[in-house]
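Subject: Handing over the structure

Hi,

Here is the structure I promised to send over. My notes follow below it.

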Amino acid sequence: MAYVVAEPCIRCKYTDCVDVCPVDCFHEGPNFLVINPDVCIDCSLCVDECPAGAIFAADDLPPEYEKYIELNIELAKSWPLIQVKIEPLTDADDWVGVQDKFGELQKV
Ligand code: SF4
Ligand code: F3S
C-alpha cells in the first residue's frame, strides 16, 4: 500500500518530499500536497525528508488520519503534478505542529 500525506502538511507545504521522490507521485494544492497511490513505489524516502512529519505508510496511519487515504486518492486526480521543490508557504513555520488543521485544507 502506498504512502499518504496527512494533516501535518496543511498550511506548511515544505515540499522537501518532492525532491527525493524517484517517481512522479506528488500533486500540489493551494496549501497541501498529496501522493498518487497508483504511482508511489513505497520506497519511503519522503518520510524522513518532511520537516512536519506529515507522511506515513498507509498501513501505519494514526487512526485520526485515516480519512487522508481517500483524500490523497481523490485530490491527486485533479491537482497538478509537482516535480521540484518550491518555497514553503510564508507562514509554514507558524503552522508546523499545530493540531486539528483539517478545517484549513483548501481544495481549490
Ligand atoms: Fe515517492 Fe517513495 Fe514517497 Fe512514494 S514513498 S511518494 S515513491 S518518495
Ligand atoms: Fe507537505 Fe512535508 Fe511534503 S509538509 S509538502 S509532506 S515535505
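What volume does the largest pocket have? About 160 Å³, where a volume is the space filled by probe spheres set on grid points joined across faces, edges and corners. On a 1 Å grid over the protein atoms alone, a pocket is an open set of points with protein on both sides within 12 Å along at least five of seven lines, a cavity is a set where a 1.4 Å probe fits but cannot get out, and lining residues have an atom within 4 Å of a point.

Before the rest: this is a predicted model, so local features need pLDDT of at least 70 and side-chain atom pairs pLDDT 80 or more, while totals for chains, interfaces and linings use all residues. Residues are numbered from 1 along each chain as written, chains are lettered from A and ligands numbered from 1 in written order, and side-chain values use heavy atoms, without hydrogens and water.

The pocket lining includes E7, Y65, W95 and K101. It divides into five nonpolar, two polar and four charged residues (Ala, Val, Leu, Ile, Met, Phe, Trp, Tyr, Cys and Pro are nonpolar; Asp, Glu, Lys and Arg charged; the others, Gly among them, polar).

Ligand 1 takes the space of the second largest cavity (more than half of its atoms lie within 2 Å of the grid points). Around ligand 1 are C21, C25, F26 and C43, among others (a heavy atom within 4 Å). That shell has eleven nonpolar, one polar and no charged residues.

The disulfide count is zero (cysteine sulfur atoms within 2.5 Å).

Best wishes
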